Amino acid sequence: MSDLIVIGYEDQFKAEEVRTQLLKLQKEYLIDLEDAVVAVKDDSGKVKLHQIFNVTAAGAVSGGFWGTLIGLIFLNPLIGLAAGAGVGALSGALTDVGINDDFMKDLAATFKNGSSLLFVLVRKSTPDKVLAEIQGSGGKVIKTSLTHEQEQKLQAALDASKAPAAD
């Protein structure tokens with residue numbers, strides 16, 4: 001089961017910076033993210049979600065592949081490609097994977113203009129190493145499915161100043 005973590009930031013860019021750090025940690029196999037979305041509430045109050053995975057584009061690519069394959073079987077690959085890409089894009093657009101978009105938009109709408117939120121679904125992680133990497137990045141834990149103890153450790157790491165690098 002995945003853990004949901006939502007962290008709020010005072011500016012529009014910090015959530016994206018932290019997500020980039022988490023993606024780097026994922027490449028190092030220290031964290032396994034199911035989803036990581038940044039919600040930004042701009043200065044005019046409009047909420048925009050920055051998804052990590054574009055299901056519409058993925059659906060179009062997948063549908064295009066299968067459409068071409070089926071088109072080859074029936075000796076008309078171009079029609080198969082077009083039909084497959086269209087159906088794939090439509091199914092991708094109607095699919096919501098990970099964190100519910102309405103939940104993210106509704107929560108982000110309650111924050112002040114010019115702020116951002118980081119929504120993360122974590123399958124598994126190496127908490128001590130992940131916390132050391134995001135230490136001092138600021139932000140406030142808004143909502144989690146973590147235990148109270150884990151949530152307090154996360155907030156303490158966010159609040160702590162970054163340890164100086166050893167020479």
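**Close-up views of a predicted model**

**View 1. Asp42 in the loop between β2 and β3.** In this predicted model, Asp42 is placed in the loop that links β2 and β3. With a relative accessibility of 25%, Asp42 counts as partly exposed, because that class lies between buried, under 20%, and exposed, over 50%. Once its neighbours within four places in sequence are left aside, Asp42 is in contact with Gln12, Asn113 and Gly114. Asp11 lies 31 residues away from Asp42 along the chain, and the C-alpha atoms of these two residues are separated by 9.3 Å.

**View 2. The two sides of helix α4.** Helix α4 comprises residues 101-109, and its buried residues are Met104, Leu107 and Ala108. These residues cover an arc of only 95 degrees around the axis, and they therefore sit on the same side of α4. An α-helix has 3.6 residues a turn, so residues three or four places apart point the same way. On the other side of α4, Asp102 and Asp106 are exposed. The elements covering the buried residues of α4 include the strands β1 (3-9), β2 (31-41), β3 (47-50), β4 (115-125) and β5 (140-144).

**View 3. The start of helix α4.** Here a side-chain oxygen of Asn100 comes to within 2.8 Å of the backbone nitrogen of Asp102, a residue that is itself exposed.

**View 4. Tyr29 in the loop between α1 and β2.** Tyr29 is found in the loop that joins α1 (14-27) to β2, and its phi is near 60 degrees, a positive value in a residue other than glycine. At 74% relative accessibility, Tyr29 counts as exposed.

Key. Residues numbered from 1 in each chain as written. Predicted model: local features only at pLDDT ≥ 70, side-chain atom pairs only at ≥ 80, totals over all residues. Heavy atoms only, no water. Buried < 20%, exposed > 50% of the residue type's maximum accessible area, 1.4 Å probe, protein only. Helix = DSSP H or I, 4+ residues; strand = E, 2+ residues; numbered from the N terminus. Arc of directions from axis to C-beta. Contact = heavy atoms within 4.5 Å. Polar contact = N/O pair within 3.5 Å; in protein donor to acceptor, adjacent residues only side chain to side chain.
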